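Reader: I am new to reading protein models. Can we go through one together, feature by feature?
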Amino acid sequence: MIMENNNLTGVYEHLVDRNLPGAMDDMLALLSVHPNSVVVDSLNAIRTDFQLMADYWKRGYKDPQANALYENLLRRMYSLYVYECLSFEIGSSSLQTYIYKRVFPVVNAMSFAELQRLLESFVSDVALLELEPEHTRREKGKDIYQKHHDLMRDWFDYMWISPVWNMNQAGELERLLLSPTVDSNDQQLLISGMTIALVNHFDVSKFRVLLSVYKRSADEAVRQRALVGWVFAMSDEILSVLYQDEVREIETLLEQESVCEELAELQRQIYLCMNAEKDNQTIQKEILPGLINNSNFRVTRNGIEEIDDQLEDILDPGAEDRRMEMLEENYRRMQDMQKQGSDIYFGGFSQMKRFQFFRDAINWFVPFYFEHPGISEVVDRFRSNRFMKTMVRLGPFCNSDKYSFLLAFSQVLAKMPKDVMKMFEAGEATIEDAFTKEMQTTAFIRRSYLQDLYRFYRLFSFREQFRNPFEQDVALFFANPIFAHTHIEPYFEDFALSLIKQNRVDEAIAVLDNVGEARRGLRFYLMAGNLALKYGNVFTFSQTPDVYCFQKALELEPMNEKANNGMAKIAFSKCSYDEALKYYGILMEINPEKRIYMLNHAVCLTKLLRYPEALKELYQLNYEHPDDK
């Protein structure tokens, strides 16, 4: 968790309330305890400009630019707040102190334009390697890739500890991220660093860059990382308070159906990532035992051995076929989970994130490439192993899991049976090419990246120093008021229904509460009405949302069974038996086969002391259903 300070929290809350004097007072109180000359000078400049504006007002002058000036002062104050937050966090964290001391001497010596020149030179150097003789190419390549990785590590770390950027910095970085002469891997890494920064502290300049890259990039991997970044950044309330131009830009973007579809799929994929632990339990308790018990191999102290039980073939000839059927059934079940987007590899690969390789934050986000300096030793040892290359090329894993697989593979290979080793070397033991086409889709690219993100925030050694975007306040962007009354609202109901099926009722309520009145239809009123009936006054659009929703549903469809049933239950619970009787009478017309309606109708009659009528219905029920006590 990000380090917090009460005064800094107060500054932020005042800014959200657009209370500049309150924000300045809280910042001054903080500086009296933790002096910072840079912040003091900036705060004095803001206070002076505010005082000049206030004096102008007091004289009775009307300034048409007054609102814009005040808005600008609030934004300057917010930039100062972020600067002080970062200073406080760096001073309170050994990790961030180390990164700051390592990174800033390098970064301060160059601009993003200079970084772009270095990244373009790297692309040229890699291309020229092909002209080198075989005996020198490998060593020269290692040196080039090591220097490049060190440079990218510094800039990646700089991204998430950098203060608010100015327009020149943002413009230079945008050009870099859209340049076709910069390697895609480098662009993706810089975007991931920006995403971490934006989730921690909103920066409108970084946000604009990601929006622009999402709209303009021709590289799908770069574009999808930018999409995830700006969507996660929207959770900060300061966006809608101080940056209305960017909010309007988002609303315009949502007029494109393709964007709405991508966002709807992204929202679903985020929650599939968040179900990783639950899915892992299903695999461990239900699927994996079936795979192990019905396989022809067993794990022993001496390694993996094949089972050859000739006696069983004599005593139970059908046992082998039954085992194969069970094995195939469990395998299909796991495949189905994967096709639906479940993160089925999290449980296994989470145990492989303890390698030194993952001590650097950057390595959780590096798109897989064999030349990575952190795996060069392993690659050299198994350069001829076709199985390893096939697994990395065709395995439907996220990038960090591919690195995990390679590092773990190098440790267990020596314990494999010799015949299995030969199969690996020859490439006979391969996986199916079933996911090759899927791996090229936009949905897979995005899902793979989300899984990398989820692993970082869930498993990284210093994860507590970051705000986790997979918590409800960030992850559930469909509940963000910015999305209300936009073209994406029609997607809310389907997602809310999927949340209810996952027993995430609070999230479902938050999403439905964000649907504007103009787009509420019969399905919405029935879903919201039933939730309100079960959980009480959980919506903001009405004091009695259950009654309101069912009445609205009946206006749209008077003979709707669910709406009438809801109203009947509400009336009965309030002892309004006359009203309940009316609705149960309608339900008996709608569905005469459902005897619970006649039974409840009879109960209402008894409550109203209309016993002869009640007895008539009860006798009928008893006659028609004698076994139903």
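Author: Start with helices. Helices (H or I, at least four residues) and strands (E, at least two) are DSSP runs, numbered from the N terminus. This is a predicted model: local features need pLDDT of at least 70, side-chain atom pairs count only at pLDDT 80 or more, and totals for chains, interfaces and linings use all residues. Residues are numbered from 1 along each chain as its sequence is written, and side-chain values use heavy atoms, with hydrogens and water left out.

Reader: Which helix holds leucine 190?

Author: Leucine 190 sits in helix H9, residues 184-200.

Reader: Is leucine 190 buried or exposed?

Author: First the cut-offs. Buried means under 20% relative accessible area, exposed over 50%, and partly exposed in between (1.4 Å probe, protein chains only). Leucine 190 has 0% relative accessibility, so it counts as buried. Now look along the chain. Aspartate 157 is 33 residues away from leucine 190, yet their C-alpha atoms are separated by 9.2 Å.

Reader: Next, charges. What is a salt bridge?

Author: Side chains of opposite charge can pair when their charged atoms come close. Here the rule is a side-chain nitrogen of Lys or Arg within 4 Å of a carboxyl oxygen of Asp or Glu.

Reader: How many salt bridges does the structure hold?

Author: The structure holds 30. Take aspartate 143 and lysine 147: their closest N and O atoms are 3.5 Å apart. Both lie in helix H7 (residues 134-161), four residues apart, about one turn of the helix. Aspartate 143 is partly exposed, because its relative accessibility is 40%. Lysine 147 reaches 56%, so it counts as exposed.

Reader: How do I describe two packed helices?

Author: Two packed helices are described by the angle between their axes and the distance between the axes.

Reader: Is the crossing of H11 and H23 left-handed or right-handed?

Author: A crossing is left-handed if the near helix is turned anticlockwise from the far one by less than a right angle, and right-handed if clockwise. This crossing is right-handed.

Reader: Last, the surface. Which residues make the nonpolar patch?

Author: Patches are made of residues with over 30% relative accessible area and no salt bridge: like charges are joined within 9 Å, nonpolar side chains (Val, Leu, Ile, Met, Phe, Trp, Tyr) within 5 Å. Areas come from the Shrake-Rupley method with a 1.4 Å probe; for residues, only the protein chains shown count as cover. Ile596, Leu599, Leu615, Leu618 and Tyr619 make a nonpolar patch of about 450 Å². Helices H31 (595-607) and H32 (611-624) each supply at least two of its residues. The largest share, three residues, comes from H32.

Reader: Where is tyrosine 619 found?

Author: Tyrosine 619 lies in H32. Its relative accessible area is 57%, so tyrosine 619 is exposed.
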